[in-house]
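Before reading on, take a moment to look over the sequence and the model. The report below goes from the confidence of the prediction to one chain, and then to the place where two chains meet.

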Amino acid sequence: MSAPADTIALIEEKARFSRAETVRLIQIAKVGHFASSFSCAEILATLYYGVMRLRRGEPDWPDRDRFLFGKGHAAAALYPLLADWDFFGKDVLDEYTRLGNPLGDHPDMSRVPGIDFSSGSLGHALSAGLGMTLGGRLAGREFNVFALLGDGELQEGQVWEAAMSAAHHRARRLIAIVDRNEHSLDGKVEDVMGVEPLLDKWRAFGWEAHEVDGHDVPALLALLQGIVADDARTSPAVVVAHTVKGKGVSFMESELGWHLGYLAAEDEERALAEIGGGE
Amino acid sequence: MKSAALSEGSWHLHTVLDQSPGLRALADTLADLCDEGHPIVACTADLKYSNGLFRFQERHPERFFQFGISEQNMVSAAAGIATTGQLPYVATFASFLALLCCEQIRTDVAFPGLPVRLIGHHSGFTLGFYGTSHHATEDIAIMRSLAGLAVVAPADGPSLAAALRATVDHPGPIYFRIARGRDPEIYRPGVEFQLGKAIMHSKGSDLTLLATGSTVHASLAAAETLREEGLSVGVIDVHTIKPLDSETLLAAAGSTRLLMTVEEHNVLGGLGGAVAEVLTEAGIGVRLHRHGIRDEFIVIGPPTHLYAHYRLDAPGIAAEARGALGI
């Protein structure tokens, strides 16, 4: 299956938009998770502009596909896309993290239209996503549930409880994506607490497992669309997306500390220049 | 294969519910509510024989989810189920639910305010010599500190049934603290239950016992004994610990010499703590004696012996009251 070129171009533009907006939002908060947000920009853009069934301006549409942000600390990358879907006004972004604004560093489903589940405590999202697929099944709704997990998040035991449980309950509508950027706060994931062999682990838990370059939009799009369209599959599916932490800003790609940080004016300009400017 | 006939008195896991008749109210009420059109989903973690939910599974197999021995996954998944308009009831031992899953309850259930019902059964030290890992003498304190989470402790099977039925449309989450289904029955089927409204059994000018869950029956019996000794003793069933019925409590406080809370729980942060908060803020000068577990872990013993050891059976409660009254 090959997607039309304009879909690819749209997704790539939205990924650029996500990065530029992430820089803008974090400058408002004066601290934020740059690198974790940048590594999943193409994944988010591909889901929201090429894969998920959504209705503009209707964040509560009961048949919409769901998205759970396991690595919720990268929410700054997602909020601009939700505003772009008219789930809330773009002016809300301008007050990101300011007193009383609904948008925090981690997403809150009660306050942010378009956030399908709150997150921040790693390891919960896959379980909650499983529950959504079970509830959807009982309600007779055939929506897909996408859970984006950090690779460090896979160190949480609850992820594997959910993995076991989802395969057992044949939750075929549950699709996990691992943002395999290979880094967590204290260093490389494989040094901090190794999670490999990842594909074998998921397969051993009964999942259909794939891997892809998480910045290659045509490949991501084709893979995810293929998984969603595969009616013969009875198991849940996972995509291990190999990514670069800090992707898109050279001085973040090469320096591990940018999991969390703040950019002074000149560095902000450098970052935006590499990303391709703000909006 | 036919199993060998057992001698009278033998039992095994699949018949254990026969010894816990009060627990039948859990599965049976949920299955009835489901029949009546409520979108009930029952979830358990490898304890369907202990909590009786297999009876729900028999009647609504497609609405029963077995999560195996992964309680945290179950609680988060129930939160996900609740987002789809279904009404999940999650049941496991109170120790595992309130302590092991505390963070999942806080972050995934209470924080978004989802209508998940958390059934912590075999609470307190009802699991006796199974030991501290299986006891829950901290769950009230923990659960009532979670914003927006109601905490309810029905005293017997009929009141459990009534509580489940009365709260089925409650928009927020609820923690039900129940025992092991062996409580002597106090109430008749169909007893009225109102969330947040304590049940006044009697008034007393010398002493008012404030009991919750498993201690209500013994408190009623202790009050009888003390009355025979000439004391004026009242009893209130504080089945809802949160939101606490401060109106009823303050009315009792104004007309009694001593309030005594009685709980199968640490006196720190439980019913005693909750009542103390209300009295102190109201500036009521009545004496309060908190009776329960005094900040210690439970010794090993059969439950009935433990109730006597911790003075939570009727003679024990009466003795504790006499001591507090200086008799």
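The predictor's confidence in each residue is expressed as pLDDT, which runs from 0 to 100. This is a predicted model, and for chain B the mean pLDDT is 96, with 99% of its residues reaching 70 or more. For the complex, the predictor gives an ipTM of 0.93 together with a pTM of 0.95.

Chain A contains eleven helices and seven strands. Its C-alpha atoms fill a box of roughly 50 × 45 × 40 Å along the principal axes. Because a compact globule of 279 residues would have a radius of gyration near 19 Å, the 18 Å of chain A agrees with such a globule. Of the 279 residues in this chain, 53% count as buried, and among contacts between residues at least 6 apart in sequence, 78% join residues that are at least 24 apart.

Where the two chains meet, 25 residues of chain B are in contact with 21 residues of chain A. On the side of chain B that touches chain A, helix H4 (71-82) and helix H6 (102-110) of chain B each supply at least two residues, and the largest share, eight residues, comes from H4(B). The table shows how the residues of this side divide by kind.

| Kind of residue, side of chain B that touches chain A | Number |
|---|---|
| Nonpolar | nine residues |
| Polar | 13 residues |

Methods
Residues numbered from 1 in each chain as written. Chains lettered and ligands numbered in written order. Predicted model: local features only at pLDDT ≥ 70, side-chain atom pairs only at ≥ 80, totals over all residues. Contact = placed C-beta atoms within 7 Å. Helix = DSSP H or I, 4+ residues; strand = E, 2+ residues; numbered from the N terminus. Nonpolar A, V, L, I, M, F, W, Y, C, P; charged D, E, K, R; others polar. Rg over C-alpha atoms; globule rule 2.2 N^0.38 Å. Buried ≥ 20, exposed ≤ 12 C-beta atoms within 10 Å, placed from the backbone.
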